[in-house]
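Thanks for coming. I have one model to go through today, so let me put it on the screen.

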Amino acid sequence: MFRDKAIETLSSEGLQKLQIERLQQTLKRAQSVPFYRERCKEIGIAPHDIQTYDDVRKLPFTTKKDLQEGYPFGFLAVPMSEVVRIHTTSGTTGKPTVVAYTAEDLESWSELIARNLTMAGMTSDDIFQNMVNYGMFTGGLGFHYGSEKIGAVTIPSATGNTHRQIEMLSDFGVTAIHCTPSYAMRIVEVVEEMGMSLPKLKYGLFGAEPWSEAVRAELEKRLGVEAFDSYGMSELFGPGVAFECPEHDGLHIWHDAYYVEIIDPKTGENLPPGVRGELVVTPLLKYAMPLLRYRTGDITMLMPEPCPCGRGMRIARLTGRTDDMLIIRGINVFPSQIEHIVMQIPGVGDQFMVTIERVNHLDEMSISVEITDDVFNGELDQLTKLQSRLVDELKERLELRTTIRLVERGSLPRFEGKAKRVIDLREGM
Amino acid sequence: MKNNAYLIKQISIFSENKPGKLAHVAKVFQDANVNMMSFSIAEAEGFGVIRALVDKPEMAFSSLSKKGIHVAYTDVIAVRMKNQPGGLYEVAAALAEAAVNIEYSYAFAGCHQATLILRVDDIDAAIDIIQKSGAYVLKPEELLCPCE
Ligand SMILES: [Zn+2]
């Protein structure tokens, strides 16, 4: 279902005209921020200089670090009297980043969320339980306002007290939920422990952390929902920036509200559709805090094919952060890509470890993978086949030759929290 | 399979190529009071498979499994070679003629006569053919050396 079919399916000249217009307006608004005024002056660029998409590449990037240095209100483009809300992002290091909203900002943001919910199939007949943090985190209020906008019954249950959450899900006949995929797994477990079922539940909207197709299958089966991936970040309003349509093949990133580029995180060069790199976003409808070419640090790609649903630009599901990127023989590789390729091959256990060395001035990548019990049938053959299948798949998908070491289950290190699966021995070169 | 009585359970063990691996397996056998009568190692890139004949295959299997070592049973046959030239040739030729493939073989240093361990793709047919060729196929209990 469409909320605004004309805008959602806008394409070619119409889209370009709208985006260029809004890029110019954004650049104009950004001139009220000293940081941007100075940068644009240095480069010698003014709003009317943006006439084509190529012109956007002349604009300066904005990084998370820039925003942190502007703490608290250095990036405000409007007087404080026009600001109606402030959120902060939970920075893992250093000071938080402040994000501010005017009334128009909140209106645009909740409209985008409403569009996402409608795209998923939700209507005013739905009962929506919003099981995310309602504090400074943008996920709570963002979805709350969007859900009210489509007229759904909105339950601000926030986080915590899983039994109480489940009681509400059941007693109120909740049809749609929003939470992190890991909390959804927790709900599933407790529901099953309690010997309950939630037959009314139809939609599961999951975001705020990366989750795999395996988790999707699990959640859809055990929770009885259609699962939708949601992407966003506070600097770009919050959640709702991009969302899956019922095709579940990439996320539509709303082209009337965000101008999207994919760049090589090392060189800053733009990358074509189909190639993974860092997502760079210029929001087109932000008033309180306009941003130019914001480097999200998230890794994705533009999907080269149009979506059968008729909507515009899609990005692939997120596969990692730029901080994790490896460069091997000049090729950008993300540990999450390796994980994705390796783990889907039958016979591979749930642990792997990547080692990168420099041998005769060449980068050599070797990957140790644990084998499963059932793949070993006593013959060498089965294992050499597994080994060459891994080498072939990695070669095809990463364009890199790797050495595969098959190791016993239990022999690789286990991690609590964030796994460190890469050992780079090239340091100091 | 009609020739069940002749099937010998070889213990096949996944082994990373790293020092001390065989010693580790030997230690597990020793602790479980399993006697290794013969073994051979097949190697690939970075790993291999240790093929062992033991007196107590079930005990060997479970004690290795418990240590987290990948282990599997492989059915093989044991052929006592005639102590005369051409003994091996006759067996191999008979199998080849019947299109039975020998995947691998290794000698078993029994205490009396040279014994050949064979892994073939059609074990039932192989037993018939070898017996017809006049060679003697051992039953598992005949592998154990009576001297011990
Ligand atoms: Zn679509």
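Buried here means under 20% relative accessible area, exposed over 50%, and partly exposed in between, with a 1.4 Å probe and protein chains only. Helices (H or I, at least four residues) and strands (E, at least two) are DSSP runs, numbered from the N terminus. This is a predicted model: local features need pLDDT of at least 70, side-chain atom pairs count only at pLDDT 80 or more, and totals for chains, interfaces and linings use all residues. Residues are numbered from 1 along each chain as its sequence is written, chains are lettered from A and ligands numbered from 1 in the order in which they are written, and side-chain values use heavy atoms, with hydrogens and water left out.

I start with chain B. Helix H3, residues 87-97, has Gly87(B), Val91(B), Ala94(B) and Leu95(B) buried. They sit on the same side of H3(B), because they cover an arc of only 100 degrees around the axis, taken from the directions from the helix axis to the C-beta atoms. Tyr89(B), Ala96(B) and Glu97(B), on the other side of H3(B), are exposed. Just after H3(B), Ala99(B) has a positive phi of about 60 degrees.

Now chain A. Thr300(A) belongs to strand E12, residues 294-300. Is Thr300(A) buried or exposed? Thr300(A) is buried, at a relative accessible area of 0%. Beyond four places in sequence, its contacts (heavy atoms within 4.5 Å) include Ile262(A), Val275(A), Leu279(A) and Ala316(A).

That is where I stop.
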